[in-house]
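These are my notebook entries on a structure I looked through piece by piece. I wrote down each thing I looked up, together with what I found.

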Amino acid sequence: MADKRLRILVAKPGLDGHDRGAKIIARALRDGGFEVIYTGLHQTPEMIAEAAAQEDVDAVGLSILSGAHMTLFPEVIRLLKDKGAGDIAVFGGGIIPDDDAAKLKQLGVKQIFTPGASTEDIVKWVRDNVAPRQ
Amino acid sequence: MSDKKKWLETSYRQSAERSSRFSTISDMELEPLYTPDDVAGSYDEALGHPGEFPYTRGVYGSMYRGRLWTMRQFAGFGLAEDTNARFHFLLGQGQDGLSTAFDMPTLMGYDADHERAQGEVGREGVAVSSIHDMLRLYDRIPLDRITTSMTVNCSASILLAMYLVVAERQGVSWDKVGGTIQNDMLKEFIAQKEWICPPRPSLRIVTDMIEFCARNAPRFHPVSISGYHIREAGSTAVQELAFTIADGICYVDEAVKRGLKVDDFAPRFSFFWNLHNDFLEEVAKLRAARRMWARIMRDRFGAKNPRSMMLRAHAQTAGASLTAQQPLNNVVRVALQAFAGVLGGVQSLHTNSMDETLALPTEQAVMVALRTQQVIAEETGVTNTVDPLGGSYAVEALTDRMEREAMQYIRQIDELGGMVHAIDIGFPQREIAEAAFHYQRQLEQGIKSVVGMNKYDVPEEIPIPTLKIDPAIEERQIQRVRKIKRERNSIAVKDALRQVSQACRSGANLMNPICEAVRRDATVGEICDIFRTEFGVYTDPGWI
């Protein structure tokens with residue numbers, strides 16, 4: 001049975017320009033066999049949720065290094081639900097303290113990767129934990 | 001057969017190498033040994049004494065025997081009064097210059113009450129929306145005696161205007177105000193990615209500031225041409241060097257086109273380098289940069305004033321080299337990186353704090369970082385000899401090679417029609433992304449090591465304390481900016497903003513109208529909105 005290729009939106013919310021990680025992850029996911037759409041920088045949660053719904057992706061990976069993760073992650077999740085796309089898996093990475101990561105997981109973020117995570121780990125996690133949307 | 005070949009085949013080959021390939025962190029392959037044969041050019045032509053052309057050995061004759069570098073720790077968080085307290089703490093600890101970090105909304109030209117500022121106010125730096133915040137930020141800091149560096153780019157014209165208005169209100173005339181504003185928009189498009197308008201109008205604003213400072217605030221450095229962010233984005237050392245010098249060439253070109261004489265503004269250009277882990281590569285980069293700039297200014301731009309040819313630089317240890325794992329190890333990394341900066345002859349230095357990969361630094365972590373510089377300055381003895389590494393075969397050979405490879409890039413950029421066009425087609429951006437990906441793969445394959453991360457990791461780590469920013473700060477700053485907007489003379493503000501719009505259209509220098517708008521309590525966001533309307537908004541092409 002031919003697997004549907006997973007579609008992943010790599011998104012960069014917030015005002016900061018730290019896109020080194022997002023670009024590396026986008027490229028590693030693409031090399032890992034997924035279809036990857038990269039939003040570019042400075043996206044609002046609204047723009048990300050809209051892109052995710054329109055592009056019909058299976059997962060959204062958010063990269064945040066500005067310290068605004070406690071505002072932006074929950075907002076993306078809320079907006080996805082509003083658009084009837086609450087089943088899109090949301091994961092993320094960045095400079096995110098452990099206790100914030102725990103709270104974000106309670107709020108519905110599937111996984112948080114922090115500095116030092118390898119691209120291999122992230123590709124493997126997506127492969128093991130993201131299913132094509134029905 | 002040369003002596004070196006003979007040596008390689010006899011003495012060197014007596015034991016096996018521990019690796020099949022040796023390269024710098026930028027993956028520049030190294031020879032096992034450098035000898036006098038590897039060093040090109042005569043002493044006078046390639047090096048010269050310190051303080052003499054081409055300044056390879058340092059821009060000042062006496063270097064740190066005359067005066068130590070300026071210890072300038074970058075600081076900013078929360079409300080203006082929080083950062084002001086940190087400034088006074090740092091000055092009390094023996095720091096001699098200030099360096100201001102602004103929060104993301106300020107850096108991107110939004111007031112705290114804008115929806116895009118949500119969650120970001122005071123988080124990565126200090127929140128400044130109006131002149132009143134700026135007055136609190138530099139409260140009890142005499143601007144004629146303390147020099148300040150401000151890290152801000154696309155909204156830099158407004159922050160510079162505010163700084164000058166603070167000086168006015170302290171009774172300090174503009175010709176006595178010294179400091180530096182980063183204001184390097186080209187590297188924003190290349191690496192740091194904080195922008196409002198497209199490259200060409202952005203460059204026009206930068207050039208307005210260069211012109212304005214040359215005429216009105218001659219002690220102020222209107223641009224700090226920055227390799228730091230290029231390196232943090234994942235470039236190699238050669239790319240950092242090449243793209244930064246190429247940016248400098250573009251600024252000189254623009255100012256000359258404006259009708260300024262090169263020697264009237266170039267002495268106030270300064271540079272900002274990254275200090276990464278690979279010790280000799282960093283020393284070579286700093287030395288090559290000075291030689292390249294000196295030659296370019298003399299030969300390409302016909303500069304006559306030696307100060308136009310002297311590349312003076314601030315440097316900061318590499319944030320991206322710090323690890324969240326075993327963060328105490330970062331103290332050691334920072335010390336070695338700073339040591340490379342000092343042996344490379346920088347004029348000003350910021351040492352990162354051990355906890356900066358986790359959060360903004362705590363006061364204790366900042367103190368260790370500052371003490372690191374003081375230990376290098378006062379205990380190691382390396383400051384007692386000028387350019388002590390000069391003449392090392394390895395250092396000189398690497399310096400030559402960095403210059404050669406960087407000049408190849410600069411020729412390539414010239415052939416593309418200059419840096420703005422190179423940016424339009426994504427040339428430097430893609431080169432950097434490629435290098436970043438290459439390094440990441442080398443890390444994951446274990447070809448390159450990061451101690452405590454991909455090697456010598458431990459399962460249970462001892463956490464260190466981190467700085468927490470009170471979320472209530474955002475609401476307080478929002479209330480402050482709303483109060484100002486309610487209580488100011490709105491007709492006077494509108495009139496001043498109209499003058500800024502007119503200058504945008506007419507091509508008149510923007511700085512005087514911006515200064516006047518700031519005096520009348522126009523905000524950062526309002527003035528940047530004019531840029532958005534008049535010049536358009538740049539969006540990330542999102543290349544991967």
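Where in chain B does B:Pro54 lie? I found B:Pro54 in the loop between helix 2 (43-46) and helix 3 (63-66) of chain B. I kept in mind throughout that this is a predicted model. When I checked the backbone there, I noted that a cis peptide bond joins B:Phe53 and B:Pro54, with omega at about 0 degrees.

**Entry: positive phi values**

I looked next at B:Gln326, which is found in the loop between strand 9 (313-317) and helix 15 (329-343) of chain B, and I wrote down that its phi is near 45 degrees, a positive value in a residue other than glycine. B:Gln326 is partly exposed, because 17 other C-beta atoms lie within 10 Å, and a residue needs 20 or more to be called buried.

I then turned to B:Asp387, in the loop between helix 16 (363-378) and helix 17 (393-415) of chain B, where phi is again positive and near 45 degrees in a residue other than glycine. B:Asp387 counts as buried, because it has 20 C-beta neighbours inside 10 Å.

**Entry: helix 13**

I followed helix 13 of chain B, residues 279-300, and noted that its 22 residues reach 31 Å from the first C-alpha to the last, which is close to the 32 Å expected at 1.5 Å a residue. Helix 13 of chain B is mostly covered, with 16 of its 22 residues buried, and it is followed by B:Gly302, whose phi is positive and near 65 degrees.

**Entry: B:Ser226**

I placed B:Ser226 in strand 7 (residues 223-226) of chain B, and I recorded it as buried, because 32 other C-beta atoms lie within 10 Å. Leaving aside the neighbours within four places in sequence, I listed the contacts of B:Ser226 as B:Gln182, B:Asp184, B:Lys187, B:Thr244 and B:Phe272.

**Entry: two pairs of helices**

Two packed helices are described by the angle between their axes and the distance between the axes. How do the axes of helix 9 and helix 11 of chain B cross? I found that the axes of helix 9 (residues 199-216) and helix 11 (residues 237-257) of chain B come within 10 Å and cross at roughly 70 degrees, so these two helices of chain B are roughly perpendicular to each other. Their crossing is right-handed. In the contact, B:Leu203, B:Val206, B:Thr207, B:Ile210 and B:Glu211 of helix 9 meet B:Tyr251, B:Glu254 and B:Ala255 of helix 11, and these residues divide into five nonpolar, one polar and two charged.

For the second pair, I noted that the axes of helix 21 (residues 490-506) and helix 22 (residues 511-519) of chain B come within 8 Å and cross at roughly 165 degrees, which means that helix 21 of chain B is roughly antiparallel to helix 22 of chain B. This crossing is left-handed. Here B:Ala496, B:Leu497, B:Gln499, B:Val500 and B:Ala503 of helix 21 meet B:Pro513, B:Ile514, B:Glu516 and B:Ala517 of helix 22, and by class the contact has seven nonpolar, one polar and one charged residues.

**Entry: where the chains touch**

Last, I looked up the contact between the chains and found 31 residues of chain B in contact with 29 residues of chain A. The elements of chain B that give two or more residues to this side are helix 5 (104-108) and helix 19 (427-444), and helix 19 of chain B gives the most, with five residues. By class, I wrote down 12 nonpolar, 11 polar and eight charged residues for the side of chain B that touches chain A.

Methods. Residues are numbered from 1 along each chain as its sequence is written. Chains are lettered from A and ligands numbered from 1 in the order in which they are written. This is a predicted model: local features need pLDDT of at least 70, side-chain atom pairs count only at pLDDT 80 or more; totals for chains, interfaces and linings use all residues. Helices (H or I, at least four residues) and strands (E, at least two) are DSSP runs, numbered from the N terminus. The expected span of a helix is 1.5 Å times one less than its number of residues. A residue is buried if 20 or more other C-beta atoms lie within 10 Å of its own, exposed if 12 or fewer, and partly exposed in between; C-beta atoms are placed from the backbone. Two residues are in contact if their C-beta atoms, placed from the backbone, lie within 7 Å. Ala, Val, Leu, Ile, Met, Phe, Trp, Tyr, Cys and Pro count as nonpolar, Asp, Glu, Lys and Arg as charged, and the others, Gly among them, as polar. Axes are lines fitted to C-alpha atoms, for helices over the stretch in contact, and angles run from 0 to 180 degrees between N-to-C directions. Angles under 35 degrees count as roughly parallel, over 145 as roughly antiparallel, 65 to 115 as roughly perpendicular and the rest as oblique. A crossing is left-handed if the near helix is turned anticlockwise from the far one by less than a right angle, and right-handed if clockwise.
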